[in-house]
Number of protein chains: 2
Amino acid sequence: MFDGDKLLRVPGPTPVPSRVALASARPMLWHRSPEFVELFRRVESRLKALFETEGDVLIIAGSGTAAMESAVANLTSPGEEVVVLNGGKFGERWLELAHAFGAKPIELKYPYGQGVEPDALDRVLAQNPGAKVVYATQNESSTAVLNDIEALAKVARAHDALLVVDAVSSLGGAPLPMDAWGVDVVVTGSQKCLMLPPGLAFVGVSPRAWEKARASRGHRYYFDWSRYKKAAQNAESPYTSAVSLMYALDESLAMMEEEGKEARFERHRLMRAMVREGLRALGFTLFVEDRWASPTLTAATGGGVDPEALRKAVRKKTGVTFAGGQGDLKGKIFRIGHMGAATPLDMVTTLAAVEMGLAELGAPVAWGRGAGRALEVWKSWQ
Amino acid sequence: MFDGDKLLRVPGPTPVPSRVALASARPMLWHRSPEFVELFRRVESRLKALFETEGDVLIIAGSGTAAMESAVANLTSPGEEVVVLNGGKFGERWLELAHAFGAKPIELKYPYGQGVEPDALDRVLAQNPGAKVVYATQNESSTAVLNDIEALAKVARAHDALLVVDAVSSLGGAPLPMDAWGVDVVVTGSQKCLMLPPGLAFVGVSPRAWEKARASRGHRYYFDWSRYKKAAQNAESPYTSAVSLMYALDESLAMMEEEGKEARFERHRLMRAMVREGLRALGFTLFVEDRWASPTLTAATGGGVDPEALRKAVRKKTGVTFAGGQGDLKGKIFRIGHMGAATPLDMVTTLAAVEMGLAELGAPVAWGRGAGRALEVWKSWQ
């Protein structure tokens with residue numbers, strides 16, 4: 001099949017706009033040259049605006065998991081109790097990381113397809129007054145759930161605990177004003193809402209988090225935040241910067257500024273509404289109720305077809321790629337990514353691809369019902 | 001100044017050929033798609049040929065230091081004695097990493113500008129029979145020294161110790177046949193002889209190293225080798241692969257194969273000879289004697305000028321960037337990188353740039369003496 005630009009509708013990596021992709025192909029720079037200093041400073045300032053923080057935003061060469069690990073290695077000492085909110089694969093990752101670094105995680109499990117109730121965190125912190133770091137997930141991309149970070153941050157603050165948020169698949173697509181909400185650490189990756197190739201990770205660090213990091217004895221070197229902060233004073237990274245991705249980052253942050261924060265969040269909410277309504281019109285069951293529905297991806301099931309068979313049929317006939325379920329949800333749901341460089345018009349083609357997949361599987365399709373419903377939502381969007 | 005493609009003559013990042021840079025701008029792929037499986041398998045097989053090993057070569061998203069850290073976190077337990085060979089900044093990095101992970105490094109220091117004598121390692125291992133891992137540097141890029149890894153590997157093997165080699169600034173430019181020499185772990189990065197942007201790191205792991213890793217209790221998750229090995233069975237990386245750099249890697253490995261291993265090593269030796277003879281002709285003192293001279297970069301001093309002033313003058317007048325000294329060598333030497341996508345003709349322009357820098361500083365210059373000597377070396381090269 002002619003595939004041109006790959007039609008990726010997975011929860012990352014997301015499509016990279018050509019402006020960004022071509023920026024990454026610029027001639028290599030020395031990471032200790034005046035030109036790099038200029039690039040570093042511009043990117044640093046744009047990142048702070050994106051994180052909505054006056055604190056530091058550190059840039060690490062690595063995947064989103066690298067940034068997550070840094071938040072464990074810098075904030076916990078072996079044997080220390082921490083709270084982990086776990087409602088899916090990425091909550092599990094916090095658990096695994098805590099174990100790997102010798103911490104003692106207290107697990108607050110919440111159901112797949114739902115967010116964590118702030119009251120539940122309140123109870124856990126009251127019962128475990130020694131636990132002073134909470135590891136949370138803003139957007140659990142294995143279930144398509146968006147947690148209420150503003151409320152969780154209030155609870156953590158009331159117990160004098162730090163809140164660390166995995167926002168890998170949400171920062172840039174859903175509001176997370178770090179300082180205003182009192183979030184202590186935000187980690188994210190390049191290949192989701194930031195419209196970049198994978199390979200860069202970012203960590204926003206509050207003054208309270210720095211204080212805790214100074215006292216922590218977790219083993220760290222490559223992920224040692226203090227090395228990044230020290231190097232940043234000279235507009236350097238402590239280890240060779242991923243220069244081509246820094247070029248790309250500079251361009252993607254410029255594009256995000258051009259669109260504007262509110263317009264960007266609104267675009268993601270609109271895409272969510274179009275996909276959810278379109279899927280409903282086609283007879284699918286949404287895995288997540290409206291209250292917890294993520295603006296960056298949607299999980300669904302039903303529709304009279306097997307989710308894996310549907311994914312394969314859609315890909316074969318249209319070239320559009322959806323993701324399946326992970327872990328316990330393998331074979332039970334399919335997931336559609338709608339974040340980063342995606343537009344409302346892309347949601348129409350996404351639903352058209354679903355219709356084509358249904359027909360390929362022999363399911364009865366009223367042509368245009370899903371795509372049409374999405375258009376209707378778009379037209380009536382306030 | 002018109003700068004076109006940046007004229008980088010630093011020991012990394014090195015210039016990225018346009019074939020490679022443009023490959024990195026290809027449309028994003030899902031890291032769990034059939035197309036990625038194909039890319040992963042091809043790259044994996046080409047990497048094994050580059051490392052000259054039948055063992056595993058793991059691909060990590062991160063800088064060369066990330067790969068170094070993995071060799072500490074996977075091979076040592078807190079409190080364990082290890083031997084570190086230290087003759088410059090990158091030997092020091094092994095020391096720092098060992099300390100960061102709670103190991104007890106026994107330091108074998110060797111002089112700046114020289115390599116480590118295999119006999120010295122023999123004595124240290126005899127005196128410390130409990131130390132079963134040796135951390136070495138093939139190419140100490142802070143001093144431009146190439147160590148004799150073949151001899152060091154024999155010594156380590158005789159004491160039943162593992163040899164771990166930092167080949168970040170040499171693999172691809174100097175021979176390091178991992179299996180033939182009995183080296184247990186080789187780490188390298190993308191932005192040196194591999195002609196790629198920074199952001200990928202590679203680790204060759206021998207069966208003996210796997211055995212030791214299984215018994216080690218070092219804290220690790222992102223750098224846990226066993227996760228990479230398990231994921232590679234499905235042609236995946238355990239965390240999101242740096243897809244754009246994987247495209248670039250595939251292209252650069254293809255270019256390296258096209259040139260051929262022996263021709264590539266010979267090209268680096270020729271460039272070394274041209275630069276060293278050219279600098280000598282211009283009155284500079286080489287920092288490293290012939291016996292230990294690196295084929296991937298050259299350090300020099302003297303010539304009647306201050307090294308930092310020379311670097312600045314060269315850069316200002318010609319756009320060519322050299323590196324200065326690091327740590328104790330700051331202000332005492334300058335370093336010229338000649339690895340990866342560099343040609344003999346580039347060495348002529350490199351020496352021309354040195355001549356122009358000398359003249360800018362008011363030093364007497366016989367025009368063409370350095371560049372001419374380099375040409376002469378090239379013509380007479382066997």
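What follows is a chat about a predicted model with chains A and B.

Q: Okay, new to this one. Which domains is chain A divided into?
A: Domain 1 covers residues 18–258 of chain A, and domain 2 covers 260–380.

Q: How many Å separate the centres of those two domains of chain A?
A: Taken over C-alpha atoms, the centres of domain 1 and domain 2 of chain A are 28 Å from each other.

Q: And how many residues are in contact between them?
A: On the domain 1 side of chain A there are 23, and they are in contact with 20 residues of domain 2 of chain A. By class, that domain 1 side has ten nonpolar, eleven polar and two charged residues.

Q: Let's look at helices. At what angle do α11 and α13 of chain A pack?
A: About 20°, with the axes 9 Å apart. Helix α11 of chain A runs over residues 261–281, and helix α13 of chain A over 344–360.

Q: So are they roughly parallel or roughly antiparallel?
A: Roughly parallel: angles under 35 degrees count that way, so the packing angle of about 20° puts α11(A) and α13(A) in that group. Their crossing is right-handed.

Q: Which residues meet there?
A: From α11(A) you have A:L270, A:M271, A:M274, A:V275 and A:G278. From α13(A), they meet A:P344, A:M347, A:T350 and A:L351. The residues of this contact divide into seven nonpolar, two polar and no charged.

Q: Switching topic: how many residues does each chain give to the contact between A and B?
A: Chain A gives 46 residues and chain B gives 46 residues.

Q: Which elements of chain A give two or more residues to the side that touches chain B?
A: Those are α1 (18–23), α3 (64–73), α4 (89–100) and α10 (243–259) of chain A. The largest share, four residues, comes from α3(A).

Q: What's that side of chain A like by class?
A: The side of chain A that touches chain B has 25 nonpolar, 16 polar and five charged residues.

Q: Back to α3 and α4 of chain A. How do their axes cross?
A: The axes of α3(A) and α4(A) come within 10 Å and cross at roughly 50°. These two helices are therefore oblique to each other. As for handedness, α3(A) passes α4(A) in a right-handed crossing.

Q: Which residues make that contact?
A: A:T65, A:M68, A:E69 and A:V72 come from α3(A), while A:R93, A:W94, A:L97 and A:A98 come from α4(A). The residues of this contact divide into five nonpolar, one polar and two charged.

Q: Now chain B. What's the strand order in its open sheet of seven strands?
A: The order is β2-β10-β9-β8-β5-β3-β4, and the pairing is mixed.

Q: Which strands stand at the edges?
A: β2 (56–61) and β4 (104–109) of chain B do. Each has a single partner strand, so one side of each is left without a neighbour in the sheet. Neighbouring strands of this sheet are turned by 20° against each other on average, direction ignored.

Q: In what sense do β8 and β9 of chain B pair, parallel or antiparallel?
A: Parallel, over three bridges between β8 (residues 162–166) and β9 (residues 185–189) of chain B. B:V164 stands opposite B:V185 in β9(B).

Q: And which strands does helix α2 of chain B touch?
A: Helix α2 (residues 34–51) of chain B packs on the sheet and touches β2, β9 and β10 (200–205) of chain B. The direction of α2 makes about 115° with that of β2(B).

Methods:
Residues are numbered from 1 along each chain as its sequence is written. Chains are lettered from A and ligands numbered from 1 in the order in which they are written. This is a predicted model: local features need pLDDT of at least 70, side-chain atom pairs count only at pLDDT 80 or more; totals for chains, interfaces and linings use all residues. Domain bounds come from an automatic or database domain assignment. Two residues are in contact if their C-beta atoms, placed from the backbone, lie within 7 Å. Ala, Val, Leu, Ile, Met, Phe, Trp, Tyr, Cys and Pro count as nonpolar, Asp, Glu, Lys and Arg as charged, and the others, Gly among them, as polar. Two strands pair if DSSP finds at least two bridges between them. Axes are lines fitted to C-alpha atoms, for helices over the stretch in contact, and angles run from 0 to 180 degrees between N-to-C directions. Angles under 35 degrees count as roughly parallel, over 145 as roughly antiparallel, 65 to 115 as roughly perpendicular and the rest as oblique. A crossing is left-handed if the near helix is turned anticlockwise from the far one by less than a right angle, and right-handed if clockwise.
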